[in-house]
Amino acid sequence: MSLPIFNFTKIESTNDFARTLITEHKISKGIVTADEQTKGRGRFGNQWSSPKGNLYFTIFFPILRSNLKKIQFLVQLQIRNILKKYRIKNLSLKWPNDLYINNKKVCGILQESIVFKKFFLIIGIGINIQSSPKIKKYPTTYLNKEAKKKINLNELVEKLKAAFISNIINKKHSFKNILKEWNKYAFNKNKFINFKTKNKIYRGIFRGINNNGALILEHNNRKDYFSHGSLI
């Protein structure tokens, strides 16, 4: 499979440019990378710090709408598999879209979708490589601090591209098996967490995710299931 790559020294947002490629240039699949983003963002419109030296990577392609949730967890697992090759220890997956090393955030994923004759998925991946922002809400880290060898940015892009072509785009996977594997590496599983959804905060024990990908929170002698929200 051929995937065109659009490289930029500086861009507002790789996800936004991918959207433009689909809707204005009629390009159905490809990759957008940038050395720097001026308007990078994460979930809920939160700003994603995007200085030079880190990875800003967006891939887009048409998919069946029914595969949307499955890919969310599969992408996390694929990134984890890639980073393991750099002999990084204590890699965990934070529901629903982050990766952590030693309880510190190293990667965020922003999954968006649009309908333009077909259903398209746009996946933005930001990985801290040379630096990480200082954020009050949670600790952060970067790969060159945690890895046994220095990370080559271009090499990492090629590994991500290969993973998507070989294991994600148009590949059939059992959702049950994906979730089973994901639960092995779940961040803060079986620990007390604070969970926020719809401006309400719950405290309970995180029991992983169920067969629908919903977060399981045990509190007040019962289990509740959440499809939207954030661990805080």
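Angles under 35 degrees count as roughly parallel, over 145 as roughly antiparallel, 65 to 115 as roughly perpendicular, and the rest as oblique. The structure is a predicted model, in which local features need pLDDT of at least 70, side-chain atom pairs count only at pLDDT 80 or more, and totals for chains, interfaces and linings use all residues. Residues are numbered from 1 along each chain as its sequence is written, and side-chain values use heavy atoms, with hydrogens and water left out.

Helix α2 (residues 68-84) packs against helix α5 (residues 175-184) at an angle of about 40°, the axes being 10 Å apart. Axes are lines fitted to C-alpha atoms, for helices over the stretch in contact, and angles run from 0 to 180 degrees between N-to-C directions. Helices (H or I, at least four residues) and strands (E, at least two) are DSSP runs, numbered from the N terminus. α2 and α5 are therefore oblique to each other.

## Residues in the helix contact

On the α2 side, K69, K70, F73, L74, Q76 and L77 meet F175, I178, L179, E181 and W182 of α5 (contact means heavy atoms within 4.5 Å).

## The five-stranded sheet

Five strands form an open sheet in the order β11-β10-β9-β8-β12, with antiparallel pairing (two strands pair if DSSP finds at least two bridges between them). β11 (222-226) and β12 (230-231) stand at the edges with a single partner strand each, so one side of each has no neighbour in the sheet.

Six bridges join β8 (residues 192-197) to β9 (residues 200-209); F192 has I205 in β9 as its bridge partner. β10 (residues 215-219) and β11 pair over five bridges, and L217 stands opposite D224 in β11. β10 and β11 form a hairpin with two residues between them, where N220 in the turn has a positive phi of about 50°.
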